[in-house]
Amino acid sequence: MRLVNVSNRITIPRRAAAPGGLAVGVLAAMRARGGLWFGASGDCVANAADITPKLLERDRVTYATIDVPEELYTAYYNGFANGTLWPLLHSFLGTFHYSASEYQAYDAVNSLFACHLAPLLTDTDLVWVHDYHLLPLAHKLHDAGVRNRIGFFLHIPFPPYDVLRALPVCPQLMRSLLSFDLLGFQTQGDRLNFLATATALWGETVVGSDGAVAMAGRRTMTGVFPIGVDVADIEKSSAESLKSTSVKQMQAGLLGMPLMIGVDRLDYSKGLLERFAAYREFLEVHPEQQRRVVYVQIAPLSRADVRAYAELRAALEQSAGRTNGVFAATDWTPIRYLNRNFPRNVLMGFFRMARVGLVTPVRDGMNLVAKEFVAAQDPDDPGVLVLSSLAGAAVELEDALLVNPYDSSAIARAMQTALTMPLDERRARHRRSMQVLRSNDIHQWHTRFLRALDPIGFEHAKPRRAAGS
Ligand code: ADP
Ligand code: F6P
């Protein structure tokens, strides 16, 4: 059995990896099991007729990418994927828009993926499709004659039917999901929303007591597979990278003050404006903390051509500027705001030296940064995670300081609690959180999903490194 992962964005060796939880999770599965990873290159081709997959072999993984015509890709990626599905699935109806031509482009790009992936598949391949960019892909692969088992994992939330039905093509997209053999969700809440949508569209009889959906002779299993992180790897790399130049520079710049850190793609789902407002409130309510703490917010630009993202960028610059204008001293900058990427090990070193991790999305499927922050801590002197109760990670990380991300006063209070928490309590919370992370790390995530997708084939295909090792 060969594993074939399919996602819009893939991590191509020797190219800078764009931030995003999907690529981090799939890369771990590919490194453990080998196989084929198929996706879009990010480059463009003039005509769809000229597309030929580019193949690159590295360490038992074949990376296969296609270039897509620019206009088509823009309507698919900026338009339907990130202007329609992203806000809809995160329940942001105020940001959501619908355009029939963008939906056509989305459908066409899915057809291109199917048409160029199908010839690369062999009969025994296990195909695993990732995220909202590729909802119709199994249906298209069936049309192209593929009969392999095909699974799908949604990295982002699945909303209630009452939200989803704002989408004119909701019934078609939902129907095409039933071409998958297994649908995986981050939380039980997401899975139940999907099953309630299936019931609303097709009646109670289609949903079995085991959570499978049966229609027109096909049966689609559903399951909950919360994505994890590579705990052992993060523990090691966070400690090692304390010696790196970037981490030492950050340490020197703190001048002995505790660090509060946030690391998020610049996305309106991440609650950054609310977090900045909370920090202002924190400085007002606790004037004794002024010049006593450093807040570093790392927010690499993401989907910059989508209007809502450009607007958010401008609003964040204004908000950070205002805070710094009001509170800065000649020797102190309240918010250090950086729109850039860092190597992964450096980021883990930043987490390790931080006293507080701020992860307050207003909605998030899981949020890997929350888990990375915990895994990167020094167990003898751990920092404290302030976590949104509306992130999927809150289901597992009950020992974080959980906050409502819309409640700036609650976040401000949590900042103070985290900064003043006694060492014993920090250690106890960290110990319990680490137990949770270890019991569901990234290797268990792909192992559990693939076993559920093909229990028999899976037993005959051992990974090249044992799960969890
Ligand atoms: P999302 O998938 O919505 O971006 P997650 O928190 O699940 O959110 O995953 C984000 C991933 O991207 C994490 O693994 C994080 O470490 C990584 N990341 C975020 N910001 C940066 C950055 N500035 N440089 C490098 N990696 C980043
Ligand atoms: O994890 C959610 C996700 O949307 C992934 O699907 C995606 O790869 C990542 O965030 C980053 O977004 P993008 O690929 O648009 O840069």
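Author: Let's start with the layout: the protein chain splits into domain 1 (3-228 + 442-460) and domain 2 (231-438), with bounds that come from an automatic or database domain assignment. This is a predicted model, where local features need pLDDT of at least 70 and side-chain atom pairs count only at pLDDT 80 or more, while totals for chains, interfaces and linings use all residues. Residues are numbered from 1 along each chain as its sequence is written, chains are lettered from A and ligands numbered from 1 in the order in which they are written, and side-chain values use heavy atoms, with hydrogens and water left out.

Reader: How many residues does each domain bring to the contact between them?

Author: Contact here means heavy atoms within 4.5 Å. Domain 1 supplies 22 residues and domain 2 supplies 25 residues. The domain centres, taken over C-alpha atoms, are 30 Å apart.

Reader: Now the inside. Which residues of the largest nonpolar core touch the most other members?

Author: The general idea is that in soluble globular proteins, nonpolar side chains tend to be buried together. A nonpolar core is a set of buried Ala, Val, Leu, Ile, Met, Phe, Trp, Tyr and Cys residues joined through side-chain atoms within 4.5 Å. Buried means under 20% relative accessible area, exposed means over 50%, and partly exposed is in between (1.4 Å probe, protein chains only). In this model the largest core has 159 residues, and Val6, Phe194, Met260, Tyr279 and Leu387 touch the most other members. Helix H2 (residues 70-89) gives the most to this core, with nine residues. Domain 1 and domain 2 each contribute at least three residues to this core.

Reader: Which residues does Tyr279 contact, leaving aside its neighbours within four places in sequence?

Author: With those neighbours set aside, Tyr279 is in contact with Met260, Val293, Tyr295, Thr323, Trp332, Pro334, Ile335 and Met415. Two of those names come back with Asn324, a residue of helix H11 (residues 307-327): leaving aside neighbours within four places, Asn324 is in contact with Thr333, Pro334 and Ile335. Helices (H or I, at least four residues) and strands (E, at least two) are DSSP runs, numbered from the N terminus.

Reader: On to the ligands. Which residues come nearest to ligand 1?

Author: A residue is near a molecule if one of its heavy atoms lies within 4 Å of it. There are 18 residues around ligand 1, and Gly21, Arg265, Lys270, Leu368 and Glu372 come nearest. A polar contact is a pair of N or O atoms within 3.5 Å; within protein, one must be able to donate a hydrogen and the other to accept it, and residues adjacent in sequence count only if both atoms are side-chain atoms. Polar side-chain atoms of Arg265 and Lys270 lie 2.6 Å and 2.9 Å from an oxygen atom of ligand 1. For Val369, a backbone N or O atom lies 3.2 Å from an oxygen atom of ligand 1. On its own, ligand 1 has 570 Å² of accessible area, and the protein covers 91% of that; such areas come from the Shrake-Rupley method with a 1.4 Å probe, and for residues only the protein chains shown count as cover. The largest share of the shell around ligand 1, three residues, comes from H13.

Reader: And which residues are around ligand 2?

Author: Among them are Arg9, Tyr77, Asp131, Arg265 and Arg303. A polar side-chain atom of Tyr77 lies 2.4 Å from an oxygen atom of ligand 2, with 2.7 Å for Arg9 and 2.8 Å for Arg303. Ligand 2 exposes 380 Å² when taken alone, and the protein buries 92% of that.

Reader: What is the phi of Asp131?

Author: Most residues other than glycine have a negative phi, and most peptide bonds are trans. Asp131 has a positive phi of about 75° although it is not a glycine. Asp131 sits in the loop between strand E5 (126-130) and helix H4 (137-143), and counts as buried because its relative accessibility is 5%. Arg60 also has a positive phi, of about 65°, and is not a glycine.

Reader: Is Arg60 buried or exposed?

Author: Arg60 is exposed, because its relative accessible area is 52%. Its place is in the loop between strand E3 (54-58) and strand E4 (61-66).
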